[in-house]
Amino acid sequence: MDNGITLVDISCQSPREQAFWQTVVLPRAAIEAEVERLASIARPANGRRAASVNHPMNTGPVPCFAPGIDVVIMVLKPGEETTPDLRNSSRVDICIRGTGVVKTGNKEFRVEKYDVWNTPSMQPQVVRNDGQDLMVRLSYSNAPLLERLEVHYVNENPQIAGQSDEGRELAANQRRAREASKPIPIGSDGAQMLGYEWLVDIDTIDSKALHWPWKEVEPHLGNVYSMDLGYTGRHLYVLYNPATERRIGTSPSFFATIAKLPPGKVDKPHRHTSAAINYIMWGHGKSAVNGQKIEWQEGDLHFSAPGWSIHNHASREQGFMALTIQDHPLHIANESLLWQETMKSPILKLGTDYGIQTNLATVAE
């Protein structure tokens, strides 16, 4: 019976050449025009006036700005709120205009311009505009990756918000299934055999919705802005979520960093397997990506680092400040995060190889 399955001989096949997506900029004017268009349409049933930024090289199955990463422009008019949805994708959001209230799981907090927050997987979120202006946010998620794997779970009418705090406490006090399944050592290097109970009774990490208010973040950025131009690291801070542990993320898939570069700073060309998207919060600058030169300014959204592309960035007269979303933690979990700090440096597998050293101790003296 012919079921369509074929066998392909790859014995002498060379590795496929990677097709890097080109660096592109979505200008501030285009974002603002789309915000006004979304504000003009009738309120959708789910309350989410949304437009996904789609890269010209994307072939689906859903819109995305980088392979595996979407950026969705979300607009709420005063008094409006979204309906809850339940997804196994995780999100990182930044408010770029107006104010609002975010309720994620059992947590509620107020957000203002440049506040950042994360939404863990399978925690319903409701966002309400409590101000007089439009509330606009950029929402980044790993939904395109899950869509490509055909495993993106989305429930727009969730009746159950997940295991309650009371349920978690009860479960924590119960005898664990794995206690009845003892590991079987194999060999002398640490290999083991484990029973089924180890697959379904995994150690848990409390994945919380966290909030980084701009009024608390911004005062610290002067520290990196004032650093000597000879500093060999990046002038930034990571918005760290302890649930990501050694992956140093804001969510399990992404880190969000906020950089503030002084005038005249030029990064050395470098590359990494993680993709990067910059939202320019202030100032202007330029980049070179795979030999393509591109300029950007405040309010632009820049796909700045297609995976493993050689790239670098430079600030202009006043410097610049940017939020960068990068799928760094995802690659650490996959053991696929390759990093080359300069084109003369060795290629490192971060998380396994000894890490990159900077001259922070010297310039900080």
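Predicted model: local features only at pLDDT ≥ 70, side-chain atom pairs only at ≥ 80, totals over all residues.
1. Arg91 sits across from Thr119 of strand 8.

2. If you want a residue to look at here, take Cys95: its bridge partner in strand 10 is Arg137.

3. How covered is strand 5 (residues 91-97)? Mostly: six of its seven residues are buried. Cys95 turns up again in a separate, second core of eight residues, where Leu76, Phe109 and Val127 are also among the members.

4. On to the largest nonpolar core, which has 42 residues. Tyr140 and Leu301 touch the most other members. By element, helix 1 (residues 28-40) gives the largest share, four residues.

5. Leu301 deserves a click. Leaving aside residues up to four places away in sequence, Leu301 touches Val24, Val25, Leu26, Ile31, Val53, Phe65, Val71, Leu138, Tyr140, Ile277, Asn278 and Tyr279.

6. Last, the surface. Ile184, Ile186 and Met193 make a nonpolar patch of about 270 Å². Ile186 lies in the loop between strand 12 (184-185) and strand 13 (192-193). Is Ile186 buried, partly exposed or exposed? Partly exposed, because its relative accessibility is 38%, and the cut-offs are under 20% for buried and over 50% for exposed.

Methods. Residues numbered from 1 in each chain as written. Heavy atoms only, no water. Core = buried A, V, L, I, M, F, W, Y, C linked by side-chain atoms within 4.5 Å. Buried < 20%, exposed > 50% of the residue type's maximum accessible area, 1.4 Å probe, protein only. Helix = DSSP H or I, 4+ residues; strand = E, 2+ residues; numbered from the N terminus. Contact = heavy atoms within 4.5 Å. Patch = residues over 30% accessible without salt bridge, like charges linked within 9 Å, V, L, I, M, F, W, Y side chains within 5 Å. Areas by Shrake-Rupley, 256 points an atom, 1.4 Å probe, with all protein chains shown as cover. Salt bridge = Lys/Arg side-chain N within 4 Å of Asp/Glu carboxyl O. Pairing = 2+ DSSP bridges.
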